[in-house]
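Here are a few notes for your first look at this chain. Keep the sequence and the structure side by side as you read.

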Amino acid sequence: MADSTRRPSVFAYTLDKLGRQIVSGHFGVEGVIPREAKLCEQLGASRGVLREVLRVLGDKGLVSAQPKVGMRVQPEINWNLMDTDVLDWLWEHRSRTDYLREFLEFRMTVEPAAAHAAALNATEEERREISSLCGRLQDESERIMDGASDERAQKVDFQFHMAIFRASRNRMLINVGNMIGHIMRQQIAVTTSAPGAFREGLPLHRAIAEAIARGDGEAAAQAAEENVRLTQVHLQKT
């Protein structure tokens, strides 16, 4: 009987393995990646596959070709931290607290702006959607006995925040929301998992939804900022 488990392609496997090696610091301080023939042997990949993998890693900002040196790992400042592969590799090999601390600092710069824009620009249908999701958050809070989230509650929380970005009606903010969605899922899972954390955030979610519903941009932005600050406190407790 054939194995029904779907295995990754050679390309996907090689990309994932080499990406993880880069992020974990496998190639040392100098970051010099072995020559093509040696790397093919180490990874069990053909030259064609390896070249395509290195091209993709270059697009992600992880590697670049250096004269007389060959392929070298780029400084972290050049890595595309909005790329889902890079985020997954960092999640596995770096301090999650530091990783999420930086993300929440970034959320502080964009989410109040999205909430403000949503209060001014959202359609009636979008305002109802945000209010409905807020109601579902309340339902999830009542379902969870100890106030800590589970996967179902986290999904509703994520949908609430993504709905605000969409309701901003600002294409740049919507694009930012799409880019940070992957890491926001991870952050919500971490910062709402402690007993009481999910329930503690509900009043601020309600304040955001109510401000958007009545078109009060300043109040929506303030509540969104306070919510991120509370999330930072929850992160410190993890």
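This is a predicted model: local features need pLDDT of at least 70, side-chain atom pairs count only at pLDDT 80 or more; totals for chains, interfaces and linings use all residues.

1. The stretch itself comes from UniProt, where an unreviewed entry lists residues 8–76 as "domain: HTH gntR-type".

2. Now take the chain as a whole. It is divided into domain 1 (10–80) and domain 2 (95–237). Their C-alpha centres lie 36 Å apart.

3. Next, the largest nonpolar core. It has 68 residues. L18, I22, L57, L62, F160 and I164 touch the most other members. Helix α5 (residues 96–121) gives the most to this core, with 11 residues. Both domain 1 (10–80) and domain 2 (95–237) supply residues, so the core lies between them. As a general rule, nonpolar side chains in soluble globular proteins tend to be buried together.

4. Look closely at I164. Leaving out residues up to four places away in sequence, I164 touches A114, A115, A118, I130, I208 and I212.

5. Finish with A223, in helix α11 (residues 217–236). Is A223 buried or exposed? A223 has a relative accessible area of 6%, and buried means under 20%, so A223 is buried. With residues up to four places away in sequence not counted, A223 touches L204, A207 and I208. P203 is 20 residues from A223 along the chain, and their C-alpha atoms are separated by 9.3 Å. Find I208 again: I164 touches I208, and A223 touches I208 too.

Definitions and conventions: Residues are numbered from 1 along each chain as its sequence is written. Side-chain values use heavy atoms; hydrogens and water are left out. UniProt positions are given in the numbering used here, feature names are shortened, and annotations may be inferred rather than shown by experiment. A nonpolar core is a set of buried Ala, Val, Leu, Ile, Met, Phe, Trp, Tyr and Cys residues joined through side-chain atoms within 4.5 Å. Buried means under 20% relative accessible area, exposed over 50%, partly exposed in between (1.4 Å probe, protein chains only). Helices (H or I, at least four residues) and strands (E, at least two) are DSSP runs, numbered from the N terminus. Domain bounds come from an automatic or database domain assignment. Contact means heavy atoms within 4.5 Å.
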